[in-house]
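Please keep the model in view while reading.

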Amino acid sequence: MLKIIICDDEEYIQEEIKELIFMMSNEINEKFFITTFSSGEELIEKYSIDTDILFLDISMGKTDGIHTAQYIRKIDEKVLIVFITSVMGKVFDAFKVSAHDFLLKPIHPKVFKSEFIDIVKKAKNNKERVIEIKNDKGYYKIDLNHISYITIEKNARNISIVTNNGTIFSSYSLSEIEYKLTDKGFYRCHKSFIVNVTYIIEINKNNLILRVGGEIPIGKSRKSGLKQYMMEYLGAKL
């Protein structure tokens, strides 16, 4: 079941989108759990990182859709944001928060139908390529494609998840993360490192060179296993 949030300060827009989703639910045989909010402030306070699709009004009161989306993106890289707007004046601002699509008011059912089918397909694919992480600052949903490697901190109490958007710390053990990433393109290349194999551009005697720059160690006993896993995982994608 996909979880959808509708955030718009006009209640009739909330109801209109809900009705269109219910219609599509029967047509494409999918179930959806829908939550509605009337302001950016309320959404930020109650946002859940297990959300798959977010319909977000650009022009709201104190906290508009762009600023709300900026906050959401700090904790959730993967939710599909669909902006609702009557004008396209802020379209370039929307690109900064990786908006998936736009819905123009008034909403036309035929347009919604064609776009919603694509949105649902993308959201279902997204669910397979995310990991949810908890630390003392809260919960995060991270796109697996953005993670280059994961390592144990020097104090051995925290791990560092190194992504394209910065480093996120967590109290999970490396073994716990390794289990969560089973069959998702990650390999325990060293007792203190897990690497995203799609980031490897060269395997040296003692190190792996990554396409984002830098290198990480590889254990001697793990090198042949890494090569075998890379052939199997990357070969299956060809």
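Predicted model: local features only at pLDDT ≥ 70, side-chain atom pairs only at ≥ 80, totals over all residues.

Residues are numbered from 1 along each chain as its sequence is written, and side-chain values use heavy atoms, with hydrogens and water left out.

Asp64 lies in the loop that joins strand E3 (53-57) to helix H3 (65-75); helices (H or I, at least four residues) and strands (E, at least two) are DSSP runs, numbered from the N terminus. Asp64 counts as buried because its relative accessibility is 13%, where buried means under 20% relative accessible area, exposed over 50% and partly exposed in between (1.4 Å probe, protein chains only). The side chain of Asp64 makes a polar contact with that of His67, at 2.8 Å. Such a contact is a pair of N or O atoms within 3.5 Å; within protein, one must be able to donate a hydrogen and the other to accept it, and residues adjacent in sequence count only if both atoms are side-chain atoms. At the start of H3, a side-chain oxygen of Asp64 also comes to within 3.2 Å of the backbone nitrogen of Ile66. Ile66 is itself one of the buried residues of H3, which also include Gly65, Thr68 and Ala69.

Elsewhere, three strands form an open antiparallel sheet in the order E13-E14-E15. Strands E13 (200-203) and E15 (215-217) are the edges, each pairing on one side only. E13 and E14 (residues 207-210) pair over three bridges, pairing requiring that DSSP find at least two bridges between two strands. Glu202 stands opposite Ile209 in E14.
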